[in-house]
Amino acid sequence: MKMLETINLTVGHEKNKAVVEGINLEILQGQIICLLGPNGAGKSTILKSISALLAPLKGAIYIQGQDLSRIKRKNLSKILAVVLTERLNAGFFTAFDVTAMGRYPHTGFLGKLSAEDKEKVSACLRIVNAENLAQRYYNELSDGEKQKILLARALAQEPEMIILDEPTTHLDVRHKLEVMAILKRLSREKGITVIFSLHEIDLALKSCDIAVLIKEGKIVNCGAPEKVGNTKAVAALYDIDCAGFNAFMGTIEIFNSAEPSVFVVGGAGKATGIYRMLTRNNVGFCTGILHENDVDCHIAETIGVVTVKEKPFHNIGLQAYREAKNLLKETLLVVDTGFPIAESNSSNRKLVLEALQDGQRVCTMRDEKENKLLYGDWADKMIYCQSATDILQHCNGTQTFYECKERMKSVNS
Amino acid sequence: MSLSPAWKVTTQQQRLFSGNNVLIFGLLLTALVFVFLLNIAIGSIKISLPEVASIIINRIQDESVNSTIVWQIRLPRSVSAVLGGSAIAVAGLMFQIFFRNPIVDSYVLGVSSGSTLIMALFLLGGFTMGMSTLSHYFMFLGAFFGALIITAVILLFAYKARSAVTLLVIGLMIGYLCSAATGVLMTFAENEKVKGFMIWTMGSFAGFTWEQVRLLIFLGIPFLFLALAISKPLNAFLLGEDYAKSMGVNIKLFRIFIIMVSSVLTAAVTAFAGPVAFIGMAVPHIARLVLRTSDNRVLIPATILFGGIITAICDLIARTIVAPTELNISSVTSFFGVPIVIWLLLNRRTVL
């Protein structure tokens, strides 16, 4: 069933000052829709308009086939509930009282709660896992708990559609995930249509049915997250130029643009932590030889460093090997990340071994026994590191190392 | 752990509607009656409480001094103090919710400035509307309508204003404008007249006639009931305008309704007794803190009772503490209200 439809909708706060134009959306019952876009793109304005808190400048909004501007507020409040960003001061209201406020459209002249109403309020608190908060004063709850109560309040209206403006802002990871899980449950179990805006794009793309990308007053793209949430589209949406988004992994990685001075030999995800550590400390690196679609390969490419690749499941060919070897020679430190070795990537072992033979410094994450097995007596020449940060101490000779030292000196003096 | 959620829910609701609250309301009602009678009994001529009760109940209106004092002087004054206090307190409560601001009262929209300006026109400017002398009653009516005119102007803005805060600022501006005009009138007025005017602006429940009391009852009681009638949307309003809107409250209509009810209540009192400071700001907080609730279905009746009791006590103090001279009511309420408001501001965590 069509829950919400907008036709040529233009929204904004003042006449002749459209914030977003030409919005044509069609939302079915039970779908989860997420609005994505940079700050100030107009997400909140759209949400306010479709929840009838702001009159549209142009175009029409239909809810369940009815023109929104013609639906009586009281009837609308039984179809649509909102969770807003503004903070509220609930005085001496307990969490239960705030939730019970959601019964507003269902209660009589003085708003007295019937036994049934009370039962429903408790049920709503149960849905958001907040029964234990019922008797506490709303004002004294944490941000995450408050958000759950506001969600319960919206549910108490028994709506068919819930509109949430940035429901996860100010929440810790646990509460973020909890709120998203609740929303998902509402849509799947109760068939409630959920529309929200979100800044955590990874979380958004993993939880919505339809992502709506908004930028500069227009809907840039709209569709299933797999379709619209690709790496390029997201980077363009937010104008990100200091970090990369990887749609496959759903992660955001900070770009590393420092001069490469370390060569990381990785594979099977062993190098990811080291990549991030080096990037964090502004140490440039290049990496290889990775099979395409290896986790390490995804991350390295998102970070934007030179990556020597081989086709998936192929043995590492001579071309890739030579390329890696040339890069490796130029660097001051080689890192053996402790990648698992099998036939297809046995060249990586060779790469490390030859580096040792050439007298290059090699950090290793493996233990001595394993190294002896792999590299024989050359293992004695290796620098043993327990953790990724240990490697950093051996990055001397690299530009960053001196920078760090200088900085520490000036800080100490 | 052992308590089931269902059990908790019932205790929650019991807390609101029975037990404690019934006791508090019982005490408040008793206190109100007691203070009311005390107000009539105490004065330059002391009358015993039983005699006061019998004079009122048996409607003794003979030539005796006591019955004249009770019926002609102290009863109208007490009734107006109690009712006036209730009206100002409830108006203050409504504005605190409306503006979502714990330190406003019903004067912030310039209601008192409006009636002050009209009074200044009468008392200082020598406006007599063609009559040789103006009766007090007529002047009071003028002050009342002056307040309502200001309210009407505010309402015009209320329909346009996007948020309550904008309206608050507009109200303050209009208040300043009225004060400025009053200031101009005061500059050119004779000293004697200025003194009389100043006394009026300080506020007093002295000299209430039955005619005025009747008007106060006629306006005050229905509007107090109107305030009670909108306690449900007022509750919704606590969550903010947008939430209230999303739950089906017609905001524009409700804004006008709140401003109107609150302003009429304030105007009626102000016109007769002058601006009464701090009752509107402090009493709602006292009610909130005593009942530990923000639920207006409980809070409005409590505010009515507290407003009546406290104003009556303040009036009693005003006319007895330095007798035979009388203090103005605002001085007493300020001495009483300022410490409370400061204390509340310092403990803001749970306020409003």
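In β3(A), A:I32, A:C34 and A:L36 on one side and A:I33 and A:L35 on the other are all buried, so that both faces are covered, where buried means under 20% relative accessible area (1.4 Å probe, protein chains only). This is a predicted model in which local features need pLDDT of at least 70 and side-chain atom pairs count only at pLDDT 80 or more, while totals for chains, interfaces and linings use all residues. Residues are numbered from 1 along each chain as its sequence is written, chains are lettered from A in the order in which they are written, and side-chain values use heavy atoms, without hydrogens and water.

**Strand β3 of chain A**
- β3(A) covers residues 32–36, strands being DSSP runs (E, at least two residues) numbered from the N terminus.
- β3(A) pairs in the parallel sense with β8(A), residues 193–197, over four bridges, pairing being called when DSSP finds at least two bridges, and A:I32 stands opposite A:V194.
- β3(A) also pairs in the parallel sense with β9(A), residues 210–215, over four bridges, where A:V212 is the bridge partner of A:L35.

**Contact between chains B and A**
- Chain B gives 37 residues and chain A 43 residues to the contact, which means heavy atoms within 4.5 Å.
- About 3,600 Å² is buried between the two chains, 57% of it from carbon and sulfur atoms; this is the accessible area (1.4 Å probe) lost on being put together, summed over both parts.
- Two salt bridges are counted between chain B and chain A, each a side-chain nitrogen of Lys or Arg within 4 Å of a carboxyl oxygen of Asp or Glu, and one joins B:D242 and A:K48 (3.2 Å, N to O).

Notes
Buried means under 20% relative accessible area, exposed over 50%, partly exposed in between (1.4 Å probe, protein chains only).
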